[in-house]
Amino acid sequence: GPVEELRAPEGFADELRETYAAIQSCETAAVHITRLAEAPELFDPEVLERLRVAADVPGWKYVRAMAARTRLAEVAAALFDRHDVLALPTVPLTAPLVGQRESELAGAPVAVRAALLALTSPWNVLDLPALTVPAGTVDGLPVGLQLVCRPGHEHLLFAGVPTRRA
């Protein structure tokens, strides 16, 4: 079918990023809070710091984020009223060096971890199926194309994706 360029509604991406951060923080803290209190030495120092920050996110932010998630899911679902599959880059930058914490994106400094999650986390928080496939190289480094569809239509993501046979 025809390919059409789409733009997210104004503020959609920022609100989705904030929603993801609140939900992910609270749910991660809920899983690890006991171990965090009883045996913090079991965590890598960087992970420990992220867990402590996550544990400080107030419950009201989680409640608001869950309500926002419902509203944002409706906006995303409307995209599939006219389109079967969304296609976008998997990540907004080429592969960073191992251990690299900062990079540059559109001429501005960016945290590598945040950049690597920026284009995949929206679909996770909205419970939408997504698949990434190799899409070539940029500056000699591999890049991926991310395909997203509505739940129950995952077969569309695999249509045309070459399979390897042993």
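Predicted model: local features only at pLDDT ≥ 70, side-chain atom pairs only at ≥ 80, totals over all residues.

Reply:

**Core and helix packing**

A second, separate core is made up of five residues, among them Leu131, Val133, Leu147 and Cys149.

Now the main core. The largest nonpolar core holds 17 residues. Leu128 is among those with the most contacts inside it, along with Leu126 and Val148. At least two residues of this core come from each of α1, α3, β1 (86–89) and α5 (121–125). The top contributor is α1, with five residues. In general, nonpolar side chains tend to be buried together in soluble globular proteins.

Next, the helix pair. Helix α1 spans residues 12–38, and helix α3 spans residues 59–79. They pack at an angle of about 135 degrees. Their axes lie 9 Å apart. Angles over 145 would count as roughly antiparallel, so α1 is oblique to α3. The crossing of α1 past α3 is left-handed.

Which residues make the contact? From α1 come Phe12, Glu15, Leu16, Thr19, Ala22, Ile23, Cys26 and Glu27. From α3 come Lys61, Tyr62, Ala65, Met66, Ala68, Arg69, Arg71, Leu72, Val75 and Ala76. By type, the residues of this α1–α3 contact are twelve nonpolar, one polar and five charged.

Technical notes:
Residues numbered from 1 in each chain as written. Heavy atoms only, no water. Axes fitted to C-alpha atoms, helices over the stretch in contact; angles between N-to-C directions. Helix = DSSP H or I, 4+ residues; strand = E, 2+ residues; numbered from the N terminus. Parallel < 35°, antiparallel > 145°, perpendicular 65-115°, else oblique. Left-handed = near helix turned anticlockwise from the far one by under 90°. Contact = heavy atoms within 4.5 Å. Nonpolar A, V, L, I, M, F, W, Y, C, P; charged D, E, K, R; others polar. Core = buried A, V, L, I, M, F, W, Y, C linked by side-chain atoms within 4.5 Å. Buried < 20%, exposed > 50% of the residue type's maximum accessible area, 1.4 Å probe, protein only.
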